Amino acid sequence: MARAQFANKGHGRYAKTMRGNIVHASAGELSYEIREIVDFGLELEREGIKLVWENIGDPVAKGETIPDWIKEIIMEAIKENSTFAYSPTKGLLETRKFLSTLRTKEGGEKLEADDILFFNGLGDAVSKVYTYLNKNARVLGPSPAYPTHSSAEAAHAESHHLTYQLNPYRNWLPDIEDLRNKIRYNEAISGILIINPDNPTGMIYPERVLKEIVSIAKEFDLFLISDEIYSNIYYGPEKFVSLSQVLDGVPAIVMKGLSKEIPWPGARCGWIEVYNKDKDESFARYIKTINDAKMLEVCATTLPQKVLPKIFSDPRYEEHLKNRRDAYKERAETACKILGEIKGISVVKPSGAFYLTVVFDQDAISGDKTIPIKSEKIKSLIEKKVATLKEGELDKRFVYYLMGGAHICVVPLSGFNTNLYGFRMTLLEENKEKFEKILKDLGEAIEKYLSS
Ligand code: PLP
């Protein structure tokens, strides 16, 4: 009977909803524009164009080769049977002990091996940290926001992510007044997130700003989360300081990982370091829940944990990191030199991570701009795609035209939970000539678009 009714509605045999609502209340909060744009890019490539992929922060996919000595350490680990075994839920003890000693050497607050917990990539850690936080407790994050954090936080609360502003006209520094006011007028805010060095802006939180955030956390009795997956990728005038060095007793979770610095994103290895758990009972209970949840999953991948101490303590590692910093520094300078001359946009030279974020001036961008596209087929695909956009999705419009007209794929800034219009590209292209060509093509495309 029910089936007949649906058929009569003309939706076809399967166009019905289930008797219970199986859609999660936060279904609309999950978005990851960095990868969502890929499907459309691949559709364009099937029509014969070759795109330059500037969307994903994977240095290996972009051509970086891993030094042989690192591969040799991994090959040695593969020869041991124990590498194929489960590891303890928190992670291999010797690796956690190694990290706890390393933090002491760096001058951070006390970190016991027991207060480190490994995950299958930091993405997994981010998901668990918000999933097991009480639904009514909110974490205030930066805007623009790396979408894994903002989506996971929004999903846990079944509401939009709450943010404080990073100001593109003040080197992307956080607006501390905005942050303080958001906290003062919202009792639900229980934590503050920082991403340091930041994705997508490349900003590094100066020590004095970190201390201000710590003091706000103290004043309002909050915990802190600091995502420091890019902590070894800094090359600007601002010195990188880990939150663990300025905590002054505030409960905090510091997040680290191997994806960006070895770089080894395919290892799926990230971990959290928990500070000052003993200072706050409910924070300690929250951390126990995360640990218990990880126990249900047994453990994180063993191989990267096994080789981590050997790689990090090898004298060649520091040199490896330095070479990478030097390369990003040079590329950041080149990018700012080429794009910095273009009218209608602002570009802040990044100090860390490996992204560059471009912001359009508010009055420079509108919903009728285009870039000439030679192929009729590609043009029609772009126009069809643009027609699906909602009003005001102005940077997405630019990004689609950039794909069709200049064959470059970047991520619209609106995919980072902000109302600023712009886009994020990477500093990952290793070939100097190729990198400069991408920037020049990009610059020309921006000029054509803004003057159309
Ligand atoms: N945190 C930040 C700020 C990132 O940029 C990324 C990946 O791009 C992640 C976390 C996730 O890293 P992982 O590869 O360890 O899941």
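Predicted model: local features only at pLDDT ≥ 70, side-chain atom pairs only at ≥ 80, totals over all residues.

Student: OK, what angle do H3 and H10 cross at?
Tutor: Helix H3 (residues 68-78) and helix H10 (residues 302-313) cross at roughly 130°, and their axes (lines fitted to C-alpha atoms over the stretch in contact, with angles from 0 to 180 degrees between N-to-C directions) come within 10 Å. That makes H3 oblique to H10, and H3 passes H10 in a right-handed crossing. Helices here are DSSP runs of H or I with at least four residues, and strands are runs of E with at least two, numbered from the N terminus.

Student: And how do H11 and H14 run relative to each other?
Tutor: Helix H11 (residues 315-339) and helix H14 (residues 432-451) pack at about 30° with their axes 9 Å apart, and they are therefore roughly parallel. On this scale, under 35 degrees is roughly parallel, over 145 roughly antiparallel, 65 to 115 roughly perpendicular and the rest oblique. The crossing of H11 past H14 is again right-handed.

Student: Switching to the ligand, which residues are around it?
Tutor: Those with a heavy atom within 4 Å are Gly121, Leu122, Gly123, Tyr146, Ile195, Asn199, Asp227, Ile229, Tyr230, Ser259, Lys260 and Arg268.

Student: What about Ser259, how far is its side chain from a ligand oxygen?
Tutor: An N or O atom in the Ser259 side chain is 2.6 Å from an oxygen atom of the ligand. Ligand oxygen atoms also lie 2.7 Å from a polar side-chain atom of Tyr230 and 2.8 Å from an N or O atom in the side chain of Asn199.

Student: Asn199 again; is its peptide bond to Pro200 cis or trans?
Tutor: The bond from Asn199 to Pro200 is cis, with omega near 20°, and Pro200 sits in the loop between strand S6 (189-195) and helix H8 (207-220). Another cis bond joins Ser143 and Pro144, with omega about 5°, and Pro144 belongs to the loop between strand S3 (138-143) and helix H6 (147-157).

Student: Where is Trp172, then?
Tutor: Trp172 lies in the loop between strand S4 (163-167) and strand S5 (173-174), and although Trp172 is not a glycine, its phi is positive, at about 65°.

Conventions: Residues numbered from 1 in each chain as written. Heavy atoms only, no water. Polar contact = N/O pair within 3.5 Å; in protein donor to acceptor, adjacent residues only side chain to side chain. Left-handed = near helix turned anticlockwise from the far one by under 90°.
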